[in-house]
Amino acid sequence: MKKLDLILCVALLAVGLASCKQKDGKEQDAPSQEQGQTVVEVDTMNLKSLTFQKQLLCNGKLVAIRKADLQCSKQGEILQRVAVVEGQRVAKGALLCVSETRDKQAGLEKAQHDLEKARVELQDKLIGLGYDGNLTKVPANVLHRAEIVSGYYTAKFQLQAAKNNLAACELRAPFAGRIANLQARAHQPGDKFATLIDDSFFEVEFSILEAELAFVKPGLAVKVTPYADTRETYTGMVTEINPTVDDKGMVKVTARVRNRSSRLMDGMNVKVIVERAVPNMLVVPKEAVVERDGYHVIFVYDKETKRAVWTYVDILYSNLTSYAITGCARKDTHINAGLTVIISGNLNLADDTEVRIADK
């Protein structure tokens, strides 16, 4: 009896295990069936013939269009006053600094005194010639001779020179700009004062490969983005192309860009994008193109079957956001304007996959 009971227990245990396996199998099969019925949701666009902005990416450096190293006084002269600070923006003619004026002021006063003395001598000469001292009634040739003989002519020249010497104690901005590399300090010798930078415009110097030379010409638009602030982009234009190729096969190109926000700085490193329009191109976002088996592929939405059709393409041109495409020459495929191209949800698509266009 004990042996019979043991056999019955084993049999019941086997039936229970089989039932569990069957139940587990059904639970595992259910998700697979549901997964096979899932329809991929995608976004689409209508393929159109557009003007494609072909781009050439380079690294460049900003150079101010005008820059002047300023000297406030002669060597050894002491500065009385410095009227600006580093980074300050100044207008043309603005006072920058003043050097020692004591000797120049004394020279001016002496020149004024000498002129008064010479004026008395001139009047005496004219009276001796029979004139009453009214200079407006003296003939020009007579007056000129009398001014030379009396010393009045020389005294006038010396007075003007003294005024110029006093004015030279003041350094004024030769053009509008910003103060950089300020070295001068009040009550110290001011041999070198500062550098004045005109930052209203900048020249952007960058190099391109010799093979890219045909792409660039004066007048082409450029976009300049500082690496210090990639959110800001400035537009400019190619102005010069150096007609020589260096030993590395590079050609120097210069463009000019306006500093509209005053954030650009002399010597700043920037990213330069040279743009050239190519008409009549079939353009898609970069997200629309994926790689399959070493080829570039787009998925075209078939409106009748509501499925994604795998289509081989070649990329003609590329920029930061888009591709200009055509049919694949090796696969002998063709594309044309009017196709509905899938632009999202295509990373895991296969040929003839059922898809649904997302609601917009």
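Just after helix α3, Gly151 takes a positive phi of about 90 degrees, where helices (H or I, at least four residues) and strands (E, at least two) are DSSP runs numbered from the N terminus. This is a predicted model, in which local features need pLDDT of at least 70 and side-chain atom pairs count only at pLDDT 80 or more, while totals for chains, interfaces and linings use all residues. Residues are numbered from 1 along each chain as its sequence is written, and side-chain values use heavy atoms, with hydrogens and water left out.

Staying with α3, which spans residues 140-150, its buried residues are Leu143, Ala146, Glu147 and Ser150; buried here means under 20% relative accessible area, exposed over 50%, and partly exposed in between, with a 1.4 Å probe and protein chains only. Seen down the axis of α3, these buried residues fall within an arc of 100 degrees, so they line one face of the helix, the arc being that of the directions from the helix axis to the C-beta atoms. The face turned away from that buried side carries the exposed residues Asn141, Arg145 and Val149. What covers the buried residues of α3 includes α2 (102-128) and α4 (152-167).

Let me turn to the core. The largest nonpolar core has 26 residues, and those with the most contacts inside it are Leu62, Val204, Phe206, Ile208, Val216, Val272 and Val274; such a core is a set of buried Ala, Val, Leu, Ile, Met, Phe, Trp, Tyr and Cys residues joined through side-chain atoms within 4.5 Å. Several strands each supply at least two residues of this core, among them β2 (49-70), β8 (194-209) and β12 (269-285), and the largest share, five residues, comes from β8. Leaving aside its neighbours within four places in sequence, Phe206 is in contact (heavy atoms within 4.5 Å) with residues including Cys58, Gly60, Val253, Val272 and Val274. A second, separate core of 17 residues includes Leu70, Leu171, Phe175 and Ala184.

On the cysteines, Cys58 is buried with a relative accessible area of 9%, and Cys328 is buried with a relative accessible area of 1%. Taking a disulfide as a pair of cysteine sulfur atoms within 2.5 Å, the count comes to zero disulfides.
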